[in-house]
Amino acid sequence: MFKTVLTLLILILLVAGCGQQDVGPDFFGNDTEPVKERTDKEAGPADDLTVKDAGPAMDSKNKDLEQPSYFPFSKVLDFKVITDVTDDSILVDDIYYKIVKSTKVVNSYDEKLTIDNLRPGDLIKLHSTGIIDENTYPRKSYAKIVKLQTDKESIQVSHAIRHFIENREGGLMTGTWISGVGNEWIHLRFYDISVEKQYAATINLLTNEYSVREISSVAKEREAGGNGVDNGHISEIYDNGFRVMMADYTLTKDSVLETDSGEIITKDSLKIGDFVKVDYREYKGDGIIKEAKLNKLTLLKSEEKPGVQEWVKSVLEGPLYKDPVIMFNYIGRSGESYTIRVADLQDDTWDTFEVTYDFNTKKQSIERIEHIPPNNEPTPYDDINDYQIVQGVGKDSVFMGNSYKYLDEDLLETIDGENISIQDLKVGSLIKDEYKQINAEHGVLSKIVWRNDELYENISASIRHFIENQQEGPIHSIYIYSVDDETIVLKFRKDKKENQFKAKIDRKTNTFEVEEERY
(Lines give C-alpha, C1' and ligand atoms only; values in the text may rest on other atoms or scores of the structure.)
Protein backbone atom coordinates (compact mmCIF):
# COMPACT_ATOMS: atom_id res chain seq x y z
CA MET A 1 0.00 0.00 0.00
CA PHE A 2 2.77 2.42 0.95
CA LYS A 3 4.67 1.82 -2.26
CA THR A 4 1.56 2.37 -4.39
CA VAL A 5 0.77 5.69 -2.71
CA LEU A 6 4.36 6.89 -2.76
CA THR A 7 4.52 6.06 -6.46
CA LEU A 8 1.41 8.22 -7.02
CA LEU A 9 2.96 11.04 -4.99
CA ILE A 10 6.19 10.89 -6.98
CA LEU A 11 4.33 10.97 -10.31
CA ILE A 12 2.30 13.98 -9.17
CA LEU A 13 5.47 15.81 -8.12
CA LEU A 14 7.19 15.03 -11.42
CA VAL A 15 4.26 16.26 -13.55
CA ALA A 16 3.57 19.36 -11.45
CA GLY A 17 7.17 20.54 -11.62
CA CYS A 18 7.47 20.54 -7.85
CA GLY A 19 6.82 24.14 -6.97
CA GLN A 20 8.38 27.39 -8.04
CA GLN A 21 11.82 26.28 -9.32
CA ASP A 22 13.00 23.65 -11.83
CA VAL A 23 14.83 20.63 -10.69
CA GLY A 24 18.16 20.72 -12.49
CA PRO A 25 21.81 21.62 -12.43
CA ASP A 26 23.34 24.90 -11.44
CA PHE A 27 26.81 26.39 -11.89
CA PHE A 28 29.35 27.80 -9.48
CA GLY A 29 32.61 29.59 -10.06
CA ASN A 30 32.36 30.32 -13.78
CA ASP A 31 33.44 33.88 -14.58
CA THR A 32 32.14 35.59 -17.70
CA GLU A 33 33.48 38.61 -19.49
CA PRO A 34 31.64 41.87 -18.75
CA VAL A 35 28.55 42.43 -20.88
CA LYS A 36 27.78 45.88 -22.20
CA GLU A 37 25.16 47.66 -20.07
CA ARG A 38 22.26 49.46 -21.72
CA THR A 39 21.70 53.10 -21.14
CA ASP A 40 18.11 54.29 -21.25
CA LYS A 41 18.65 55.08 -24.92
CA GLU A 42 19.82 51.51 -25.52
CA ALA A 43 17.19 49.94 -23.31
CA GLY A 44 14.98 49.20 -26.29
CA PRO A 45 16.87 48.05 -29.41
CA ALA A 46 19.69 45.72 -28.46
CA ASP A 47 20.61 44.13 -31.77
CA ASP A 48 24.23 45.16 -31.29
CA LEU A 49 24.42 43.52 -27.87
CA THR A 50 26.96 40.71 -27.97
CA VAL A 51 27.59 38.10 -25.36
CA LYS A 52 31.31 37.44 -25.02
CA ASP A 53 32.74 33.99 -24.52
CA ALA A 54 33.00 32.74 -20.98
CA GLY A 55 36.39 32.72 -19.37
CA PRO A 56 37.86 29.60 -17.78
CA ALA A 57 36.03 28.01 -14.89
CA MET A 58 37.48 28.96 -11.53
CA ASP A 59 38.94 26.37 -9.22
CA SER A 60 36.16 25.72 -6.72
CA LYS A 61 38.72 25.11 -3.98
CA ASN A 62 39.88 28.69 -4.26
CA LYS A 63 36.40 30.14 -4.38
CA ASP A 64 35.24 31.97 -1.27
CA LEU A 65 31.90 30.38 -0.54
CA GLU A 66 31.02 33.10 1.97
CA GLN A 67 30.47 35.50 -0.92
CA PRO A 68 27.22 35.13 -2.87
CA SER A 69 28.85 36.57 -6.00
CA TYR A 70 29.70 33.06 -7.21
CA PHE A 71 26.12 32.74 -8.44
CA PRO A 72 25.49 36.11 -10.12
CA PHE A 73 22.48 35.08 -12.19
CA SER A 74 20.33 33.87 -9.28
CA LYS A 75 18.64 37.27 -8.98
CA VAL A 76 16.87 36.87 -12.34
CA LEU A 77 14.61 34.24 -10.73
CA ASP A 78 12.77 37.13 -9.08
CA PHE A 79 12.04 38.96 -12.35
CA LYS A 80 9.18 38.59 -14.84
CA VAL A 81 9.62 38.01 -18.57
CA ILE A 82 7.97 40.07 -21.32
CA THR A 83 6.97 37.75 -24.17
CA ASP A 84 5.06 40.17 -26.44
CA VAL A 85 4.79 43.92 -26.91
CA THR A 86 1.92 45.69 -28.71
CA ASP A 87 1.33 49.39 -29.32
CA ASP A 88 0.08 49.93 -25.78
CA SER A 89 0.53 46.67 -23.82
CA ILE A 90 3.10 44.11 -22.70
CA LEU A 91 2.42 40.40 -22.24
CA VAL A 92 3.69 39.08 -18.90
CA ASP A 93 2.66 35.65 -17.61
CA ASP A 94 -0.80 35.29 -19.20
CA ILE A 95 -1.86 38.94 -18.89
CA TYR A 96 -1.56 41.86 -21.32
CA TYR A 97 -0.75 44.85 -19.09
CA LYS A 98 -1.77 48.13 -20.69
CA ILE A 99 0.70 51.01 -20.42
CA VAL A 100 -1.23 54.27 -19.84
CA LYS A 101 -0.17 57.85 -19.13
CA SER A 102 -0.02 57.24 -15.40
CA THR A 103 2.17 54.12 -15.77
CA LYS A 104 5.71 54.64 -14.51
CA VAL A 105 8.22 52.96 -16.84
CA VAL A 106 11.86 53.18 -15.71
CA ASN A 107 15.12 51.26 -15.89
CA SER A 108 17.22 49.94 -13.01
CA TYR A 109 18.55 53.47 -12.40
CA ASP A 110 15.03 54.97 -12.28
CA GLU A 111 15.60 56.74 -15.58
CA LYS A 112 12.34 57.35 -17.44
CA LEU A 113 11.47 55.07 -20.36
CA THR A 114 8.43 54.45 -22.60
CA ILE A 115 6.82 51.33 -24.00
CA ASP A 116 8.98 51.84 -27.10
CA ASN A 117 11.98 50.84 -24.97
CA LEU A 118 10.46 47.49 -24.03
CA ARG A 119 10.99 44.33 -26.07
CA PRO A 120 10.12 40.64 -25.87
CA GLY A 121 12.63 38.88 -23.64
CA ASP A 122 13.15 41.84 -21.32
CA LEU A 123 13.23 41.15 -17.59
CA ILE A 124 11.14 43.45 -15.45
CA LYS A 125 9.64 44.08 -12.08
CA LEU A 126 5.94 44.84 -12.38
CA HIS A 127 3.25 46.39 -10.22
CA SER A 128 -0.32 46.39 -11.51
CA THR A 129 -3.65 47.82 -10.43
CA GLY A 130 -4.82 44.33 -9.45
CA ILE A 131 -7.91 44.70 -11.65
CA ILE A 132 -7.98 41.82 -14.16
CA ASP A 133 -10.36 41.28 -17.07
CA GLU A 134 -11.01 37.54 -17.08
CA ASN A 135 -13.22 37.53 -20.19
CA THR A 136 -10.36 37.18 -22.69
CA TYR A 137 -7.26 35.05 -23.00
CA PRO A 138 -4.63 36.26 -22.52
CA ARG A 139 -6.27 38.22 -19.73
CA LYS A 140 -6.00 42.03 -19.48
CA SER A 141 -4.98 44.47 -16.77
CA TYR A 142 -3.24 47.82 -16.24
CA ALA A 143 0.38 48.38 -15.22
CA LYS A 144 1.23 50.89 -12.50
CA ILE A 145 5.04 50.46 -12.48
CA VAL A 146 7.30 48.67 -14.95
CA LYS A 147 10.97 48.55 -14.00
CA LEU A 148 13.23 47.27 -16.78
CA GLN A 149 16.24 45.39 -15.38
CA THR A 150 19.35 46.83 -17.02
CA ASP A 151 22.15 45.29 -14.95
CA LYS A 152 24.61 43.22 -16.98
CA GLU A 153 23.33 39.80 -15.84
CA SER A 154 19.72 40.68 -16.67
CA ILE A 155 20.75 42.02 -20.07
CA GLN A 156 22.62 38.82 -20.88
CA VAL A 157 19.65 36.68 -19.87
CA SER A 158 17.21 38.97 -21.73
CA HIS A 159 19.27 38.73 -24.90
CA ALA A 160 19.20 34.93 -24.77
CA ILE A 161 15.44 34.81 -24.11
CA ARG A 162 14.75 37.32 -26.90
CA HIS A 163 16.75 35.21 -29.35
CA PHE A 164 14.71 32.18 -28.28
CA ILE A 165 11.35 33.97 -28.65
CA GLU A 166 12.26 35.31 -32.07
CA ASN A 167 13.60 32.03 -33.47
CA ARG A 168 11.47 29.26 -31.93
CA GLU A 169 8.66 27.68 -33.89
CA GLY A 170 5.21 28.06 -32.39
CA GLY A 171 2.60 30.55 -31.30
CA LEU A 172 2.23 33.11 -28.55
CA MET A 173 4.01 32.24 -25.30
CA THR A 174 2.02 32.75 -22.09
CA GLY A 175 2.65 31.78 -18.48
CA THR A 176 6.37 32.24 -19.07
CA TRP A 177 8.75 32.15 -16.11
CA ILE A 178 12.41 31.42 -15.39
CA SER A 179 12.37 28.13 -13.53
CA GLY A 180 16.11 27.59 -13.12
CA VAL A 181 19.40 29.36 -13.79
CA GLY A 182 23.11 28.68 -13.89
CA ASN A 183 26.15 30.66 -14.96
CA GLU A 184 25.85 29.39 -18.53
CA TRP A 185 22.19 28.43 -18.98
CA ILE A 186 18.62 29.18 -18.01
CA HIS A 187 15.46 27.06 -17.84
CA LEU A 188 12.16 28.54 -19.08
CA ARG A 189 8.66 27.20 -18.63
CA PHE A 190 5.90 28.47 -20.95
CA TYR A 191 2.54 27.63 -22.52
CA ASP A 192 2.07 27.81 -26.29
CA ILE A 193 -1.55 28.81 -26.89
CA SER A 194 -1.46 27.77 -30.55
CA VAL A 195 -1.11 24.09 -29.62
CA GLU A 196 -2.36 24.27 -26.01
CA LYS A 197 0.75 22.60 -24.60
CA GLN A 198 3.28 23.46 -21.91
CA TYR A 199 6.99 23.36 -22.65
CA ALA A 200 10.35 23.55 -20.92
CA ALA A 201 13.30 25.19 -22.67
CA THR A 202 17.00 25.25 -21.81
CA ILE A 203 18.94 28.17 -23.31
CA ASN A 204 22.73 28.52 -23.39
CA LEU A 205 23.63 32.05 -22.27
CA LEU A 206 26.92 32.03 -24.18
CA THR A 207 25.82 30.68 -27.57
CA ASN A 208 22.02 31.28 -27.48
CA GLU A 209 21.55 27.65 -28.51
CA TYR A 210 18.42 26.09 -27.04
CA SER A 211 16.47 22.87 -26.67
CA VAL A 212 12.73 22.54 -26.08
CA ARG A 213 10.64 19.65 -24.82
CA GLU A 214 6.99 19.22 -24.00
CA ILE A 215 6.76 18.95 -20.24
CA SER A 216 4.60 15.84 -20.35
CA SER A 217 6.76 14.19 -23.02
CA VAL A 218 9.09 12.48 -20.57
CA ALA A 219 6.16 10.87 -18.78
CA LYS A 220 4.63 9.80 -22.11
CA GLU A 221 7.93 8.31 -23.29
CA ARG A 222 8.32 6.45 -20.03
CA GLU A 223 4.77 5.09 -20.16
CA ALA A 224 5.47 3.85 -23.65
CA GLY A 225 8.77 2.29 -22.59
CA GLY A 226 10.67 4.70 -24.83
CA ASN A 227 13.89 6.62 -24.65
CA GLY A 228 14.60 9.56 -22.36
CA VAL A 229 17.14 11.70 -20.54
CA ASP A 230 17.28 12.57 -16.85
CA ASN A 231 19.61 14.29 -14.41
CA GLY A 232 20.26 13.44 -10.79
CA HIS A 233 22.53 12.09 -8.10
CA ILE A 234 23.83 8.51 -8.04
CA SER A 235 22.38 6.88 -4.94
CA GLU A 236 23.39 3.24 -5.52
CA ILE A 237 26.20 1.55 -7.49
CA TYR A 238 25.62 -2.08 -8.51
CA ASP A 239 27.80 -4.61 -10.27
CA ASN A 240 25.82 -4.02 -13.46
CA GLY A 241 24.57 -0.44 -13.14
CA PHE A 242 23.47 2.53 -11.08
CA ARG A 243 20.48 3.99 -9.30
CA VAL A 244 19.90 7.63 -10.25
CA MET A 245 16.96 9.33 -8.61
CA MET A 246 13.98 6.92 -8.84
CA ALA A 247 15.29 4.43 -11.42
CA ASP A 248 17.86 1.65 -11.73
CA TYR A 249 19.88 1.84 -14.95
CA THR A 250 21.49 -1.36 -16.23
CA LEU A 251 24.78 -1.31 -18.13
CA THR A 252 24.89 -3.03 -21.51
CA LYS A 253 27.78 -3.76 -23.88
CA ASP A 254 26.92 -0.54 -25.73
CA SER A 255 26.75 1.75 -22.66
CA VAL A 256 29.08 4.74 -22.66
CA LEU A 257 30.45 6.41 -19.51
CA GLU A 258 32.03 9.84 -19.95
CA THR A 259 32.51 13.26 -18.40
CA ASP A 260 30.88 16.39 -19.74
CA SER A 261 34.20 17.26 -21.38
CA GLY A 262 34.08 14.05 -23.44
CA GLU A 263 36.60 12.03 -21.43
CA ILE A 264 35.79 8.31 -21.31
CA ILE A 265 35.65 6.99 -17.74
CA THR A 266 35.09 3.64 -16.03
CA LYS A 267 32.40 2.54 -13.61
CA ASP A 268 34.98 2.47 -10.79
CA SER A 269 35.58 6.23 -11.11
CA LEU A 270 31.97 7.05 -10.17
CA LYS A 271 30.88 7.64 -6.57
CA ILE A 272 27.68 7.79 -4.56
CA GLY A 273 26.44 11.40 -4.71
CA ASP A 274 27.92 12.21 -8.13
CA PHE A 275 25.66 14.40 -10.25
CA VAL A 276 25.09 12.79 -13.65
CA LYS A 277 22.96 12.83 -16.78
CA VAL A 278 21.56 9.50 -17.94
CA ASP A 279 20.45 8.75 -21.50
CA TYR A 280 18.30 5.61 -21.33
CA ARG A 281 15.95 3.29 -23.21
CA GLU A 282 13.28 0.69 -22.37
CA TYR A 283 12.05 2.51 -19.27
CA LYS A 284 9.53 0.34 -17.41
CA GLY A 285 8.32 -0.90 -14.05
CA ASP A 286 5.25 -0.95 -11.83
CA GLY A 287 6.97 -0.31 -8.51
CA ILE A 288 8.42 2.79 -6.92
CA ILE A 289 11.85 2.20 -8.47
CA LYS A 290 11.68 1.90 -12.26
CA GLU A 291 14.14 0.12 -14.55
CA ALA A 292 15.84 1.10 -17.79
CA LYS A 293 18.83 0.22 -19.95
CA LEU A 294 21.63 2.77 -19.98
CA ASN A 295 22.73 4.23 -23.29
CA LYS A 296 25.09 6.81 -21.86
CA LEU A 297 25.96 8.25 -18.46
CA THR A 298 27.65 11.65 -18.33
CA LEU A 299 29.41 12.82 -15.17
CA LEU A 300 28.58 16.55 -14.93
CA LYS A 301 31.88 17.74 -13.50
CA SER A 302 31.40 21.35 -14.60
CA GLU A 303 28.19 21.46 -12.58
CA GLU A 304 29.68 20.01 -9.41
CA LYS A 305 28.90 22.04 -6.32
CA PRO A 306 31.64 22.28 -3.69
CA GLY A 307 31.00 19.77 -0.93
CA VAL A 308 27.65 18.55 -2.28
CA GLN A 309 28.77 15.12 -3.51
CA GLU A 310 30.28 14.23 -0.14
CA TRP A 311 27.24 15.63 1.68
CA VAL A 312 24.74 13.68 -0.46
CA LYS A 313 26.79 10.51 0.15
CA SER A 314 26.70 11.12 3.92
CA VAL A 315 22.90 11.54 3.84
CA LEU A 316 22.33 8.37 1.81
CA GLU A 317 24.75 6.22 3.83
CA GLY A 318 24.10 7.79 7.24
CA PRO A 319 21.91 6.47 10.06
CA LEU A 320 18.83 8.66 9.47
CA TYR A 321 17.17 6.57 6.77
CA LYS A 322 16.97 2.80 6.26
CA ASP A 323 16.40 2.71 2.50
CA PRO A 324 16.64 6.25 1.11
CA VAL A 325 16.01 7.37 -2.47
CA ILE A 326 16.31 10.91 -3.83
CA MET A 327 13.11 12.14 -5.44
CA PHE A 328 14.48 15.47 -6.74
CA ASN A 329 16.96 18.22 -5.94
CA TYR A 330 17.12 21.99 -6.28
CA ILE A 331 19.32 25.00 -5.57
CA GLY A 332 18.05 27.59 -3.08
CA ARG A 333 16.78 30.88 -4.51
CA SER A 334 19.74 32.79 -3.07
CA GLY A 335 22.26 30.25 -4.40
CA GLU A 336 23.54 29.62 -0.88
CA SER A 337 21.88 26.27 -0.19
CA TYR A 338 21.15 22.94 -1.86
CA THR A 339 18.19 20.66 -1.12
CA ILE A 340 17.36 17.04 -1.85
CA ARG A 341 13.92 15.49 -1.25
CA VAL A 342 14.41 12.04 0.29
CA ALA A 343 11.90 9.20 0.56
CA ASP A 344 12.65 6.26 2.85
CA LEU A 345 11.23 3.13 1.23
CA GLN A 346 11.00 1.46 4.64
CA ASP A 347 9.15 4.36 6.30
CA ASP A 348 5.41 3.63 6.42
CA THR A 349 4.38 7.09 7.69
CA TRP A 350 3.83 8.43 4.13
CA ASP A 351 6.29 11.23 4.91
CA THR A 352 9.26 12.49 2.89
CA PHE A 353 12.16 14.67 3.99
CA GLU A 354 13.67 17.86 2.60
CA VAL A 355 17.35 17.83 3.56
CA THR A 356 19.13 21.14 2.95
CA TYR A 357 22.87 21.84 2.90
CA ASP A 358 23.98 25.41 3.69
CA PHE A 359 27.11 26.38 1.74
CA ASN A 360 28.07 29.07 4.24
CA THR A 361 27.74 27.13 7.49
CA LYS A 362 28.47 23.69 5.98
CA LYS A 363 25.55 22.38 8.05
CA GLN A 364 22.34 20.60 7.09
CA SER A 365 18.75 21.02 8.20
CA ILE A 366 15.86 18.60 7.77
CA GLU A 367 12.17 19.29 7.29
CA ARG A 368 9.71 16.42 7.51
CA ILE A 369 6.97 16.74 4.87
CA GLU A 370 3.75 15.14 6.09
CA HIS A 371 1.64 13.33 3.55
CA ILE A 372 -1.87 12.04 4.07
CA PRO A 373 -2.59 8.64 2.48
CA PRO A 374 -5.15 9.03 -0.30
CA ASN A 375 -8.70 7.97 0.36
CA ASN A 376 -10.44 6.74 -2.75
CA GLU A 377 -13.87 6.87 -1.17
CA PRO A 378 -15.92 9.84 -2.43
CA THR A 379 -16.50 12.63 0.09
CA PRO A 380 -18.71 15.76 0.10
CA TYR A 381 -15.53 17.84 -0.23
CA ASP A 382 -14.06 16.32 -3.41
CA ASP A 383 -14.62 19.48 -5.50
CA ILE A 384 -13.80 22.04 -2.82
CA ASN A 385 -10.44 22.88 -4.39
CA ASP A 386 -12.29 24.17 -7.47
CA TYR A 387 -13.50 27.13 -5.40
CA GLN A 388 -11.72 30.34 -4.46
CA ILE A 389 -12.09 32.14 -1.15
CA VAL A 390 -13.54 35.66 -1.16
CA GLN A 391 -11.31 37.73 1.12
CA GLY A 392 -13.10 41.05 0.68
CA VAL A 393 -16.25 42.42 -1.00
CA GLY A 394 -16.44 45.78 -2.77
CA LYS A 395 -19.09 47.56 -4.78
CA ASP A 396 -18.42 45.74 -8.02
CA SER A 397 -15.46 43.51 -7.23
CA VAL A 398 -14.13 40.99 -4.73
CA PHE A 399 -10.63 40.48 -3.37
CA MET A 400 -9.31 36.96 -4.02
CA GLY A 401 -5.78 35.61 -4.10
CA ASN A 402 -3.69 38.77 -4.13
CA SER A 403 -5.79 41.05 -6.32
CA TYR A 404 -9.26 42.52 -6.87
CA LYS A 405 -11.46 40.83 -9.44
CA TYR A 406 -14.41 42.50 -11.12
CA LEU A 407 -17.54 40.37 -11.17
CA ASP A 408 -20.23 40.65 -13.82
CA GLU A 409 -23.46 40.32 -11.82
CA ASP A 410 -25.24 38.99 -14.90
CA LEU A 411 -23.03 35.90 -14.59
CA LEU A 412 -23.20 35.53 -10.80
CA GLU A 413 -25.48 32.78 -9.51
CA THR A 414 -25.91 30.28 -6.70
CA ILE A 415 -25.25 26.56 -6.94
CA ASP A 416 -28.97 26.17 -7.74
CA GLY A 417 -28.86 28.67 -10.62
CA GLU A 418 -30.44 31.65 -8.81
CA ASN A 419 -29.11 35.06 -9.85
CA ILE A 420 -27.58 37.10 -7.03
CA SER A 421 -25.71 40.39 -6.52
CA ILE A 422 -22.14 40.89 -5.36
CA GLN A 423 -23.46 42.19 -2.05
CA ASP A 424 -24.87 38.74 -1.30
CA LEU A 425 -21.29 37.49 -0.99
CA LYS A 426 -19.36 37.68 2.27
CA VAL A 427 -15.78 37.24 3.42
CA GLY A 428 -15.15 33.50 3.30
CA SER A 429 -17.69 32.80 0.53
CA LEU A 430 -16.58 30.15 -1.96
CA ILE A 431 -17.01 30.90 -5.67
CA LYS A 432 -15.68 29.47 -8.92
CA ASP A 433 -15.58 30.45 -12.59
CA GLU A 434 -17.10 28.24 -15.25
CA TYR A 435 -16.12 28.64 -18.90
CA LYS A 436 -17.80 27.79 -22.19
CA GLN A 437 -15.37 26.47 -24.77
CA ILE A 438 -15.52 28.40 -28.05
CA ASN A 439 -12.87 26.45 -29.94
CA ALA A 440 -9.75 24.42 -29.26
CA GLU A 441 -7.83 27.49 -28.14
CA HIS A 442 -10.29 29.79 -26.44
CA GLY A 443 -13.17 29.83 -24.00
CA VAL A 444 -15.30 32.56 -22.48
CA LEU A 445 -16.51 33.01 -18.93
CA SER A 446 -20.08 31.72 -18.81
CA LYS A 447 -20.96 31.99 -15.12
CA ILE A 448 -19.63 32.56 -11.63
CA VAL A 449 -20.99 30.05 -9.13
CA TRP A 450 -21.41 30.74 -5.43
CA ARG A 451 -21.45 27.54 -3.38
CA ASN A 452 -24.11 28.50 -0.87
CA ASP A 453 -25.48 25.12 0.22
CA GLU A 454 -25.52 24.39 3.96
CA LEU A 455 -22.37 22.24 4.03
CA TYR A 456 -20.21 24.77 2.20
CA GLU A 457 -21.72 27.74 4.01
CA ASN A 458 -20.62 26.14 7.30
CA ILE A 459 -17.11 25.85 5.88
CA SER A 460 -17.29 29.47 4.71
CA ALA A 461 -18.36 30.59 8.21
CA SER A 462 -15.29 28.93 9.75
CA ILE A 463 -13.01 30.51 7.15
CA ARG A 464 -14.64 33.91 7.70
CA HIS A 465 -14.08 33.59 11.46
CA PHE A 466 -10.40 32.85 10.83
CA ILE A 467 -9.87 35.75 8.41
CA GLU A 468 -11.58 38.23 10.74
CA ASN A 469 -9.87 37.03 13.94
CA GLN A 470 -6.36 35.93 12.90
CA GLN A 471 -3.53 38.01 14.34
CA GLU A 472 -1.03 37.59 11.53
CA GLY A 473 -1.71 41.00 10.00
CA PRO A 474 -2.59 41.47 6.30
CA ILE A 475 -2.76 38.11 4.52
CA HIS A 476 -3.35 37.15 0.89
CA SER A 477 -3.28 34.22 -1.56
CA ILE A 478 -5.35 32.14 0.86
CA TYR A 479 -6.69 28.81 -0.34
CA ILE A 480 -8.15 25.58 1.04
CA TYR A 481 -5.50 22.89 1.37
CA SER A 482 -7.73 20.15 2.80
CA VAL A 483 -11.09 19.62 4.52
CA ASP A 484 -12.59 16.77 6.49
CA ASP A 485 -15.46 16.50 8.97
CA GLU A 486 -13.35 17.90 11.82
CA THR A 487 -10.67 20.19 10.38
CA ILE A 488 -10.13 22.81 7.69
CA VAL A 489 -6.52 23.43 6.62
CA LEU A 490 -5.80 26.75 4.89
CA LYS A 491 -2.58 28.00 3.38
CA PHE A 492 -1.80 31.68 2.84
CA ARG A 493 0.93 34.30 2.60
CA LYS A 494 1.63 37.49 4.51
CA ASP A 495 2.73 40.83 3.11
CA LYS A 496 6.51 41.09 2.70
CA LYS A 497 6.97 37.48 3.84
CA GLU A 498 8.41 34.93 1.44
CA ASN A 499 7.33 31.88 3.40
CA GLN A 500 3.89 30.30 3.32
CA PHE A 501 1.73 29.82 6.42
CA LYS A 502 -0.66 27.04 7.36
CA ALA A 503 -3.77 27.42 9.51
CA LYS A 504 -5.64 24.47 11.04
CA ILE A 505 -9.24 25.29 12.00
CA ASP A 506 -11.35 23.13 14.31
CA ARG A 507 -14.77 23.05 12.64
CA LYS A 508 -16.64 22.47 15.89
CA THR A 509 -15.12 25.30 17.94
CA ASN A 510 -13.66 27.54 15.16
CA THR A 511 -10.41 27.69 17.16
CA PHE A 512 -7.31 27.69 14.99
CA GLU A 513 -3.54 27.27 15.03
CA VAL A 514 -1.11 28.95 12.62
CA GLU A 515 2.40 27.80 11.76
CA GLU A 516 4.99 29.05 9.27
CA GLU A 517 6.17 26.72 6.54
CA ARG A 518 9.67 26.95 5.11
CA TYR A 519 9.56 28.11 1.49
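**A close look at one strand residue and beyond**

A: Gln198 sits in strand E11, residues 197-204. Helices (H or I, at least four residues) and strands (E, at least two) are DSSP runs, numbered from the N terminus. The model is predicted: local features need pLDDT of at least 70, side-chain atom pairs count only at pLDDT 80 or more, and totals for chains, interfaces and linings use all residues. Residues are numbered from 1 along each chain as its sequence is written, and side-chain values use heavy atoms, with hydrogens and water left out.

Gln198 is partly exposed, at a relative accessible area of 38%. Buried means under 20%, exposed over 50%, partly exposed in between (1.4 Å probe, protein chains only). Leaving aside residues up to four places away in sequence, Gln198 touches Phe190, Tyr191, Arg213, Glu214 and Ile215. Contact means heavy atoms within 4.5 Å. Ile215 lies 17 residues from Gln198 along the chain, yet their C-alpha atoms are separated by 5.9 Å.

Next, helix H2. Of the 16 residues of H2, 12 are buried, so the helix is largely enclosed by the rest of the structure. Among them are Ile155, Val157, Ile161 and Phe164.

Last, the loop between strand E7 (123-128) and strand E8 (139-148) holds Ile131. Ile131 is partly exposed, with a relative accessible area of 30%.
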